[in-house]
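The sequence and structure are shown first.

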Number of protein chains: 2
Amino acid sequence: MELRHLRYFVAVAELQNIHRAAAKLHVSQPPLSRQIRDLEDEVGVALFEHKANSLRLTEAGRAFLPEARAALQRVDDAVQMARIVGTGQGGEIHVGYAPSLAAELLPRALKYFDESSPGVRVRLHDLSTQAHLLQ
Amino acid sequence: MELRHLRYFVAVAELQNIHRAAAKLHVSQPPLSRQIRDLEDEVGVALFEHKANSLRLTEAGRAFLPEARAALQRVDDAVQMARIVGTGQGGEIHVGYAPSLAAELLPRALKYFDESSPGVRVRLHDLSTQAHLLQ
DNA sequence: TAATATTACGTATTACGTAAAGATT
DNA sequence: AATCTTTACGTAATACGTAATATTA
């Protein structure tokens, strides 16, 4: 299993529609359909009820969806963590954050950052009230 | 970025050695070296100090490691969740769990499971005292 | 018949392995 | 010199797109 499978699954699950999910992901339907099937084969349970003309989440699929989202978020968090720690070399940095980061990731990131770059000023900006600025 | 990159990174970071990590992952060194470099390119910061003859985690790499592990664990949790919900159709099931699952995943899994399979008996087994049974 | 999912198949990307080179202790 | 990482390059796996088929509303 690769992140591609999770990304594809989330898109299809959210739209309940391979056609539109494919457009959103900028791929064509057949490979997307195939990747979803491969994912189901690997997980071992059906995530969708596959009908000839439509597609709906199964109970297992509904349970899988938030977990898959969380896993993808975790990956993004990991990358952000590395970037925050790796690029802080001096001066001042501005860190915009969303609530999901603030809860758990940010404190640890700041801890690492402060240890590796004790002289760097950190200014935090809560972007949760400016969600329209995020794509 | 794909899960492969995270799996490879964790192995290399743990062993601080591409040669042995490659053996553990059953791949050869050159592709492994390349995948690590691709990961660093995508993250945008160096995760290792690459010397001609050795390799050591950078500060960013040290910060990235536990996050990458957590992300991989999240993926495994997602799959387990789907399997638990998807295969519970009746009778009785035995669920062995490790502490990491018990904290957050298990209660939600049981909630989903109970909603979808109200007649199924669930027996829990704490395997944390039998760690030698896990590979 | 219009809209959707899947199957069939050829193509293109890319991860891989082998061989060789470079570098450090 | 021995060990380890990296570069070069051909191969193989596989994700992708196009075209065609199947199914339902």
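## Surface near the DNA

In this predicted model, the surface near DNA strand C is made up of eight nonpolar, eleven polar and three charged residues. Here, Ala, Val, Leu, Ile, Met, Phe, Trp, Tyr, Cys and Pro count as nonpolar, Asp, Glu, Lys and Arg as charged, and the others, Gly among them, as polar. A residue is near the strand if one of its heavy atoms lies within 4 Å of it.

Of the 22 residues around DNA strand C, those that come nearest are A:His19, A:Ser33, A:His50, B:Tyr8 and B:Ser28. H3(A) provides the largest share of this surface, four residues; helices are DSSP runs (H or I, at least four residues) numbered from the N terminus.

Sugar or phosphate accounts for 71% of the atoms of DNA strand C within 4 Å of the protein, and bases for the rest.

A:Ile18 instead places a polar backbone atom 2.9 Å from a phosphate oxygen of DNA strand C.

## Basis of the values

Residues are numbered from 1 along each chain as its sequence is written, and chains are lettered from A and ligands numbered from 1 in the order in which they are written. Local features need pLDDT of at least 70, side-chain atom pairs count only at pLDDT 80 or more, and totals for chains, interfaces and linings use all residues, while side-chain values use heavy atoms, with hydrogens and water left out.

Definitions and conventions
A polar contact is a pair of N or O atoms within 3.5 Å; within protein, one must be able to donate a hydrogen and the other to accept it, and residues adjacent in sequence count only if both atoms are side-chain atoms. Helices (H or I, at least four residues) and strands (E, at least two) are DSSP runs, numbered from the N terminus.
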